[in-house]
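Hi everyone, thanks for coming. Could you bring up the sequence and the model on your screens? I'll walk through a few local features with you.

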Amino acid sequence: METYESVLLVKPEVFVYKIPPRTSNRGYRAADWNLQEPTWTGRMRLVSKGTAVSMKLEDKTSGALFANCPIETYPGVAVEAVTDSSRYFVIRIQDDNGRSAFIGLGFGDRSDSFDLNVALQDHFKWVKNQEQIEKEKEAPRQELDLGFKEGETIKINMKITKKDGSESSSRTGKSKGTSGVGILPPPPSGVANKIAPPPGQQKASPAASPSHRPTGQTEWGDFTSAGNQQAPQQPQQSTNSNWVQF
């Protein structure tokens, strides 16, 4: 597949300077150049072809190539900022025979040098992402095996809830027939209203004061006893055979 050239940045005016050799490892200084008299003035185009990128210095009118600066990495040897200004750089140019030289490059405004920084950073960030994508394509995909291995087991804790909301593990009450005094169940609905009270029920003896009458609460009301005195038993009426005496 043929790769086309793409223009990343164009600056219509840049300045080229002849620079003295580097004397130490402290970096280049633009103040050492003759900034008022540039060696060459022209146009700068930053172009890419695939992952490769280069800076081309061209004539403003004819577009003839003055110098070419291939850039492998940034920051790097091909484009290096000076130590005393943000508008000037030292670039490494190469000819068709592979010979190289270092020249000074300057912009008339700081925004132009800022644009060059951003364009180079974005390009090499894109190159890094492309390399990562290619590595993922070549690497074999590892499928996730969710099957049980031989001898493997799992343990599941389940809480089963009945329809009434109680848990199956909850304790039940005492069953019928166990020892101890239980509470009598209430009579069927409406039975107390349908059964007539026993005839001839006598009142308790007046000798027993209310304070000595223990009271027991049942489902049918309050029933009192007359202390040690026993009320005379009433003959059972045949007409009220369903009445239960307490």
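Strand β3, residues 52-58, pairs with β4 in the antiparallel sense, and six bridges link the two. Bear in mind as we go that this is a predicted model. If you look at E58, you'll find its bridge partner in β4, which is L65. Six residues sit between the strands of this hairpin, and one spot there deserves a look: G63 has a positive phi near 80 degrees. As a reminder, most residues other than glycine have a negative phi, and most peptide bonds are trans.

That second point brings us to the next stop. Which residues does a cis peptide bond join here? They are Y74 and P75, with omega at about -5 degrees.

Now please turn to the surface. F148, I154, I156, M158 and I160 make a nonpolar patch of about 640 Å². Let's take I156 as our example from this group. I156 is located in the loop between α1 (110-138) and α2 (191-194). Is I156 buried or exposed? Its relative accessible area is 61%, and the cut-off for exposed is over 50%, so I156 counts as exposed.

Last stop, the aromatic rings. How many aromatic pairs does the structure hold? There are five. As for clusters, Y17, W33 and Y88 come together in one.

How values were computed: Residues are numbered from 1 along each chain as its sequence is written. This is a predicted model: local features need pLDDT of at least 70, side-chain atom pairs count only at pLDDT 80 or more; totals for chains, interfaces and linings use all residues. Side-chain values use heavy atoms; hydrogens and water are left out. Two strands pair if DSSP finds at least two bridges between them. Helices (H or I, at least four residues) and strands (E, at least two) are DSSP runs, numbered from the N terminus. Patches are made of residues with over 30% relative accessible area and no salt bridge: like charges are joined within 9 Å, nonpolar side chains (Val, Leu, Ile, Met, Phe, Trp, Tyr) within 5 Å. Accessible areas come from the Shrake-Rupley method with a 1.4 Å probe; for residues, only the protein chains shown count as cover. A salt bridge is a side-chain nitrogen of Lys or Arg within 4 Å of a carboxyl oxygen of Asp or Glu. Buried means under 20% relative accessible area, exposed over 50%, partly exposed in between (1.4 Å probe, protein chains only). Rings of Phe, Tyr and Trp (its six-membered ring) pair if their centres lie within 6.5 Å; planes under 30 degrees apart count as stacked, over 60 as edge-to-face and the rest as tilted.
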